[in-house]
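Please examine the sequence and the three-dimensional structure shown below. The report that follows treats a surface patch, a pair of helices and the salt bridges.

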Amino acid sequence: MLMGLNRYIVSDCDSVGVLFDTQHYTATPEEAAASTIRAGLDLDCGPFLAIHTENAVKGGLLKEEDVNMALANTITVQMRLGMFDGEPSAQPFGNLGPRDVCTPAHQELALQAARQGIVLLQNRGRTLPLSRTLQTVAVIGPNSDVTVTMIGNYAGMSTSCILFYWLSNFKFSS
């Protein structure tokens, strides 16, 4: 269990449920709840942990102290953000918007994360790396310019959506 990092770790929405229901990582939902909390997950975006954690503790798969640590991590951050101090909009972080999160520094961080997160699953016909002499790359298909599809099911609207940051030297046409 990770402790003392002044943070909490939250799952992608329904990812713990997917870990069990779709990926069959564990034999029971209680094992999925226990393994994710023991691995450091503090908050599940979805109902899975709320439904299965109590039985994981009762079944001896998870210690109550692990659950307490996950709750303490989450609530501590929420307290630091002023979430228990009355009207949220009156708090220091209560009125954040695009001007606060879409800064050049944040965009550079997103670019670095995108570059570091690229995984090439297949390279059929040795297509990659692309030749440096290419001038344009066409993005073709039904979702080639559908911003909503590109950002998935996440709430909010991005101030910009750029495909393939790592191909930033190329001009794109769709």
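In this predicted model, M83 is located in the loop that runs between α4 (64-80) and α5 (98-101). M83 also belongs to a nonpolar surface patch of about 810 Å², whose other members are L71, I75, M79, L81, F84, F93 and L96.

The next topic is the packing of two helices. Two packed helices are described by the angle between their axes and the distance between the axes.

| Helix | Residues | Residues in the contact |
|---|---|---|
| α2 | 29-38 | P29, E30, A32, A33, A34, T36 and I37 |
| α3 | 48-58 | F48, L49, H52, T53, N55 and A56 |

The axes of α2 and α3 come within 8 Å of each other and cross at roughly 95°. Because angles of 65 to 115 degrees count as roughly perpendicular, α2 is roughly perpendicular to α3. By class, eight nonpolar, four polar and one charged residues form the contact of α2 with α3.

How many salt bridges does the model contain? The count comes to three. Side chains of opposite charge can pair when their charged atoms come close.

Methods. Residues numbered from 1 in each chain as written. Predicted model: local features only at pLDDT ≥ 70, side-chain atom pairs only at ≥ 80, totals over all residues. Heavy atoms only, no water. Patch = residues over 30% accessible without salt bridge, like charges linked within 9 Å, V, L, I, M, F, W, Y side chains within 5 Å. Areas by Shrake-Rupley, 256 points an atom, 1.4 Å probe, with all protein chains shown as cover. Salt bridge = Lys/Arg side-chain N within 4 Å of Asp/Glu carboxyl O. Helix = DSSP H or I, 4+ residues; strand = E, 2+ residues; numbered from the N terminus. Axes fitted to C-alpha atoms, helices over the stretch in contact; angles between N-to-C directions. Parallel < 35°, antiparallel > 145°, perpendicular 65-115°, else oblique. Contact = heavy atoms within 4.5 Å. Nonpolar A, V, L, I, M, F, W, Y, C, P; charged D, E, K, R; others polar.
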